Amino acid sequence: MNLYLTGADNSLIESGNNSPQNNPDNSLGGYVSSTLAPSGNLNEMFDLITNFTEEDKTETFCFCLKNNLTDVTDVKATILTTNRNIGKFKVGVSDIDENLYTEKISNKYHIPQSVVFVEANLYKAFVDVEIVTLGSIGEEFAIMPFDVLGEIKEFSYDGVFDALAKGFKESGGLYSVKRLNEKNLRIERVDETVESFECELITTDGLDLRFSKTFGNEVNQELVIDADFKADEMKAIWIQRTVEKQTLSDLQVLNNYDNKTVSEKLEEIELIISYNTQP
C-alpha cells in the first residue's frame with residue numbers, strides 16, 4: 001500500500017504516470033499525483049496550534065491510497081493518537097474515477113461535499129499513575145506485567161519518576177513514561193498495539209503507586225475503506241483536524257502551576273492502514 005499526494009495539474013493517464021505535485025499543502029483532492037506522501041507524522045501537515053488559533057478551526061487534506069500489492073480484503077484506516085491531544089481528527093473516503101480524479105477543495109479550510117467524515121481514532125494503550133508515597137532510597141520495585149525493575153536513588157517525586165523512566169527504557173522500549181505533573185505520570189505504549197491488562201506494583205518498602213485504570217486503549221475505532229481492494233485500485237483518503245479552543249479559568253491556571261503540570265509541545269499523529277492479504 002502506498003499513499004500519494006493529490007492536487008496534480010494533469011491526469012496520470014494523460015501524462016504517462018508522470019504528474020508530480022510535491023507540496024503537501026496542495027494535497028486537496030483533484031488529480032492523483034505521482035508524488036508519494038511524505039513519511040512522518042500527520043501533525044506536520046497541519047497548522048501550528050497557538051493561543052491565537054481560532055475556535056473550531058478545521059483543516060482537511062486528501063491523499064490517494066493505492067494498492068500496490070495483490071488483492072487484499074478488509075482495508076481499514078485509523079488515526080493513532082492520544083486523549084491529551086488538542087487536535088481532534090476524523091477520516092473520510094471517496095472514490096477516484098477513471099481519469100484518476102476525485103473531488104477537489106479550493107483550500108484546506110474548506111470541506112468536501114461528497115465525503116462523510118467519521119471518528120476513527122485509536123488511542124495508544126496507557127495507564128495514568130499517581131505517586132501516593134515516595135518509598136525510601138535504595139528501595140527496589142517491579143511493575144508487572146511489564147517486568148520492569150527499578151531502584152529509588154532519590155527521596156523525591158523526581159526520584160521516583162526517574163527510577164520508573166529508567167526501568168521502562170531498559171525494558172525494551174515498547175513503553176514510554178511521560179510526566180503529567182509533579183505526582184502523576186503516564187505509562188504508554190509507543191505503537192498501535194491493542195492491549196488490556198491490570199498493573200501491579202511489587203516493592204521492598206513503602207513505595208505506593210495508584211493505577212488509574214486497566215492498562216489499555218481507551219478508544220479503538222476504525223473506518224472501513226473497502227472490503228475487497230483489488231491490485232492497482234485507488235481510493236481517496238481524507239484527513240480532517242478540528243482544534244477545539246482550550247480556555248482555562250484563573251483557578252485552573254493556578255492549579256496547573258501548583259501541580260507543576262506538564263503541557264505537551266508536540267502532538268504526534270499517525271495514519272494507520274490495515275488489511276488482510278489473500279490466502
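Tyr101 counts as partly exposed because its relative accessibility is 31%, where buried means under 20% relative accessible area, exposed over 50% and partly exposed in between, with a 1.4 Å probe and protein chains only. This is a predicted model, in which local features need pLDDT of at least 70 and side-chain atom pairs count only at pLDDT 80 or more, while totals for chains, interfaces and linings use all residues. Residues are numbered from 1 along each chain as its sequence is written, and side-chain values use heavy atoms, with hydrogens and water left out.

Tyr31, at 24% relative accessibility, is also partly exposed. A search of the whole structure finds seven aromatic pairs, a pair being two rings of Phe, Tyr or Trp (its six-membered ring) with centres within 6.5 Å, called stacked if the planes are under 30 degrees apart, edge-to-face if over 60 and tilted for the rest. Two of these pairs are set out below.

| Pair | Centre to centre | Angle between planes | Class |
|---|---|---|---|
| Tyr31 and Tyr101 | 4.9 Å | 75 degrees | edge-to-face |
| Phe146 and Tyr175 | 4.9 Å | 80 degrees | edge-to-face |

Tyr31 belongs to strand β2 (residues 29-36) and Tyr101 to strand β6 (residues 101-104), so that their pair links parts of the chain 70 residues apart, strands being DSSP runs of E with at least two residues, numbered from the N terminus. Phe146 lies in the loop between β9 (140-144) and β10 (148-151), whereas Tyr175 is in strand β11 (residues 175-179), so this pair ties together parts that are 29 residues apart in sequence. Arg186 lies over the face of Phe126, at 3.8 Å from the ring centre.

The largest nonpolar core has 35 residues, and Val32, Val91 and Ile239 have the most contacts inside it; such a core is a set of buried Ala, Val, Leu, Ile, Met, Phe, Trp, Tyr and Cys residues joined through side-chain atoms within 4.5 Å. A second, separate core of 26 residues includes Ile131, Phe141, Leu164 and Phe211.

The count of disulfides, defined as pairs of cysteine sulfur atoms within 2.5 Å, comes to zero. For Cys64, the nearest cysteine sulfur is that of Cys62, 8.0 Å away. Cys64 is buried, with a relative accessible area of 0%.

Conventions
Helices (H or I, at least four residues) and strands (E, at least two) are DSSP runs, numbered from the N terminus. A charge sits over a ring if NZ of Lys or CZ of Arg is within 6 Å of the ring centre and within 35 degrees of the ring normal.
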